[in-house]
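The exercises below are meant to be worked with the sequence and the coordinates side by side. Try each task before reading its solution.

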Amino acid sequence: MEKKSIHEKIFAVVRDIPQGKVCTYGQIANIIGIKSARVVGYAMAAAPFDIPWHRVVNSKGMIGIR
């Protein structure tokens, strides 16, 4: 059985965020069992076009700008 990378796990969670809802970087980190919300941010920066990145927000409820 093939093991998923951290980014693949993050992308799977983000794909499951319902339309009209958001999730924070920290919440996603907790869901996949890592401590760093920053890793989720790095994954979102590298996300392919089919990932709804706009549903992931920072702790202030805003989309992170580079």
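**Exercise 1. Which residues are buried in H1?** Find them, then determine how they are arranged and what they pack against.

*Solution.* The model is a predicted one, and the working begins with accessibility, where a residue counts as buried under 20% relative accessible area. By this criterion the buried residues in H1 are Ile10, Phe11, Val13 and Val14. Viewed down the axis of H1, these residues fall within an arc of 160°, so they line one face of the helix. Once neighbours within four places in sequence are set aside, Lys9 is in contact with Lys4 and Ile32.

**Exercise 2. Describe the two sides of helix H2 and what covers the buried one.**

*Solution.* Helix H2 spans residues 25-32, and its buried residues are Tyr25, Ile28, Ala29 and Ile32. They cover an arc of only 105° around the axis, which puts them on the same side of H2. The face of H2 turned away from the buried side carries the exposed residues Asn30 and Ile31. The cover over the buried residues of H2 includes helix H1 (6-15), strand S1 (23-24), helix H3 (37-45) and strand S2 (56-57). Tyr25 illustrates the packing in detail: at 17% relative accessibility it counts as buried, and, not counting residues up to four places away in sequence, its contacts include Ala37, Val40, Gly41, Met44 and Val56. Finally, just after H2, the backbone at Gly33 takes a positive phi of about 85°.

**Exercise 3. Identify the largest nonpolar core and the elements that contribute to it.**

*Solution.* The largest nonpolar core has 15 residues, and those with the most contacts inside it are Ile10, Val14, Ile28, Val40, Met44 and Val56. The elements that give two or more residues to this core are H1, H2 and H3. To follow the contacts of one member, take Ile10, which touches Ile28, Ile32, Val39, Val40, Ala43 and Met44 when residues up to four places away in sequence are not counted.

**Exercise 4. How many salt bridges does a search of the whole structure find, and which parts of the chain are tied together?**

*Solution.* The search finds 1 salt bridge, in which the side chains of Asp50 and Arg15 meet with an N to O distance of 3.3 Å. Asp50 lies in the loop between H3 and S2 and Arg15 in helix H1, so the pair ties together parts that are 35 residues apart in sequence. As for its accessibility, Arg15 is partly exposed, with a relative accessible area of 42%.

**Exercise 5. Which residues form a nonpolar patch on the surface?**

*Solution.* The patch is formed by Trp53, Ile63 and Ile65, which together have about 360 Å² of accessible area. Ile63, found in the segment after S2, is partly exposed, with a relative accessible area of 38%.

Note on methods
Residues are numbered from 1 along each chain as its sequence is written. This is a predicted model: local features need pLDDT of at least 70, side-chain atom pairs count only at pLDDT 80 or more; totals for chains, interfaces and linings use all residues. Side-chain values use heavy atoms; hydrogens and water are left out. Buried means under 20% relative accessible area, exposed over 50%, partly exposed in between (1.4 Å probe, protein chains only). Helices (H or I, at least four residues) and strands (E, at least two) are DSSP runs, numbered from the N terminus. The arc is that of the directions from the helix axis to the C-beta atoms. Contact means heavy atoms within 4.5 Å. Patches are made of residues with over 30% relative accessible area and no salt bridge: like charges are joined within 9 Å, nonpolar side chains (Val, Leu, Ile, Met, Phe, Trp, Tyr) within 5 Å. Accessible areas come from the Shrake-Rupley method with a 1.4 Å probe; for residues, only the protein chains shown count as cover. A salt bridge is a side-chain nitrogen of Lys or Arg within 4 Å of a carboxyl oxygen of Asp or Glu. A nonpolar core is a set of buried Ala, Val, Leu, Ile, Met, Phe, Trp, Tyr and Cys residues joined through side-chain atoms within 4.5 Å.
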